[in-house]
Amino acid sequence: MGLSEFAQFKEGNRLEMKAAQGRDGNGVIPRSAWETLSAFANTSGGVIVLGAEEPEDDTFNIVGIKKPDKVIDDFWNAALSDDKVSARFMQDSNVSKKTVDGKDVVIIRVPRADRHVRPVYINGDLFGGTFRRTHTGDHRCSHDEVLSMLRDSSTSSQDGEIAKSAKMEYLNRDTVAKYRRRFDSLNDNHVWSDFDELKFLEAIGAVAPGDDGKMHPTCAGLLMFGEHRYITHEFPHYLLDYRQEVGENERWEDRLVSFSGDWTGNLYDFYFRAYNKMKAALKTPFQIEGIDRIDDTPAHRALREAIANCLTNANWYERRGVVCVWREDGLEVANPGDFRMPIEEAMKPGKSDPRNEALLGMFALVDVGERAGSGMDKVMGGWAWAGYPEPTYKVEFGPDRTTLTLPFLNSSGVSSDFENPEDNRTNKSDESGKRATERRKDAIIAYLEDHGPAGRAAIASAVGLQASRASELLAELVSEKAIIAEGATRNRTFRLVDQL
């Protein structure tokens, strides 16, 4: 029996082969195996095989261990010693022997350690014996990486503490007022509606009393309502960045950054600004009978959930900040910090372990984000509803980063035009195809009636078409004299015949 069952762990570099022969071939646990155990425990888990080698051609070369039971005993004697491994997270079933091609090997299945016991380190050395796994192998964690894991191991929310450097005047009053107006509109006759501003901010967790008896912003309050110049006093690496990268001749067509100085740069304002920009990329259906536009599809809700998850799960002490990008082939949201639970667990409805519970609660009070769980099922379901390819998550370590990609195109670079779910059928007849074409033309005309002259890109985005298909329909409408094209090809706009 071979080791093909472990091939899946090669993805993400989660499989480690070690000859572990020792001088007499009886078997020994090499020092590097403990470094790998720490690395796997602190990232996504993995498998260590003692008694095997992996040549460059990616095959498995079984060398075997003469006394596997002794090696297993040696492993447990060390693993259960506080002097060797900092946490007892391994179970008996994680270590076993296996006979492959008549030779014995020892299999050590290392699970991802719970965040409450991370960092898992070896030899009693917190800062020198903590490792993480990357695509290149095991690496010794930096001081900042260790501190980040220690913060995540706390049972309290990162953002619930008072921001030590913050003052009440650091909170932007206009942002607070906008938040409260939205809160009041969504929560009729709420008991908090009669609170004065300070009491209201305390109720939602944005401020708290300090040791001096005075109110101070919490970390969540500073992030939510502060201004960039003040937020960076507490979080030096804080950054919010939105980019639209769909132009051919420019690095980006549109950009919004927290440090520009022409807006607050806080999370609340960024959420709405970024969402309102990115939602223009979504296919938006029309109800043709009444030509009423549907602006709140499951795909829109998926995008809102994705941005909210990104902001509430970010590790604001890490570098690189939150980045949201609109590209021609999809949308991308990335935040500093890894998942605090295995991704497969986070995918389950109701599963959640947010890094910033206070922020999550504040957003939920104004109907932003899924408070009951991670919301990842809503992201996946909403994207599937629109007929887009499945979203993907990528987690990187050192520095830790989570990236969610919401694709418009499949691996072949193809995306189907928007269809209402009941129309999402294959092998359509010519007649139904003609009706679909007419509906799209009606939608284009309706858009021009509502918005006036517009360019091809804006029309394609609003109606939910690929640029090439939009060009075809616009050309047909021009030839039918239903609309008029004006200007050179690059800057051409389209209007109704009777529109000025």
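Which residue forms a salt bridge with D241? The partner is R243, and the closest N and O atoms are 2.8 Å apart. A salt bridge here is a side-chain nitrogen of Lys or Arg within 4 Å of a carboxyl oxygen of Asp or Glu.

This is a predicted model, in which local features need pLDDT of at least 70 and side-chain atom pairs count only at pLDDT 80 or more, while totals for chains, interfaces and linings use all residues. Residues are numbered from 1 along each chain as its sequence is written, and side-chain values use heavy atoms, with hydrogens and water left out.

**Salt bridges**

The count comes to 24 salt bridges. Three of them are set out below.

| Pair | Closest N to O |
|---|---|
| D241 and R243 | 2.8 Å |
| K97 and D69 | 3.3 Å |

K97 lies in strand β5 and D69 in helix α2, so this pair ties together parts that are 28 residues apart in sequence. Helices (H or I, at least four residues) and strands (E, at least two) are DSSP runs, numbered from the N terminus.

Buried means under 20% relative accessible area, exposed over 50%, and partly exposed in between (1.4 Å probe, protein chains only). D241 is buried at 4%, and R243 is buried at 17%. E16 and K18 are buried too. K97 is partly exposed at 45%, and D69 is partly exposed at 43%.

A network of salt bridges links R112, R132, D152, D338, R355 and D400.

**Helix α2**

Helix α2 covers residues 68-79. Its 12 residues should span 16 Å at 1.5 Å a residue, and its end C-alpha atoms are 16 Å apart, which agrees. The expected span is 1.5 Å times one less than the number of residues. Its buried residues are P68, V71, I72, F75, W76, A78 and A79. They cover an arc of only 165° around the axis, so they sit on the same side of α2. The arc is that of the directions from the helix axis to the C-beta atoms.

**Aromatic rings**

The structure holds 18 aromatic pairs. Rings of Phe, Tyr and Trp (its six-membered ring) pair if their centres lie within 6.5 Å; planes under 30 degrees apart count as stacked, over 60 as edge-to-face and the rest as tilted. Y170 and Y230 are stacked, 4.0 Å centre to centre with 5° between the planes. Y170 lies in the loop between α3 and α4 and Y230 in helix α7, so the pair ties together parts 60 residues apart in sequence. Y170 is buried at 10%, and Y230 is buried at 18%.
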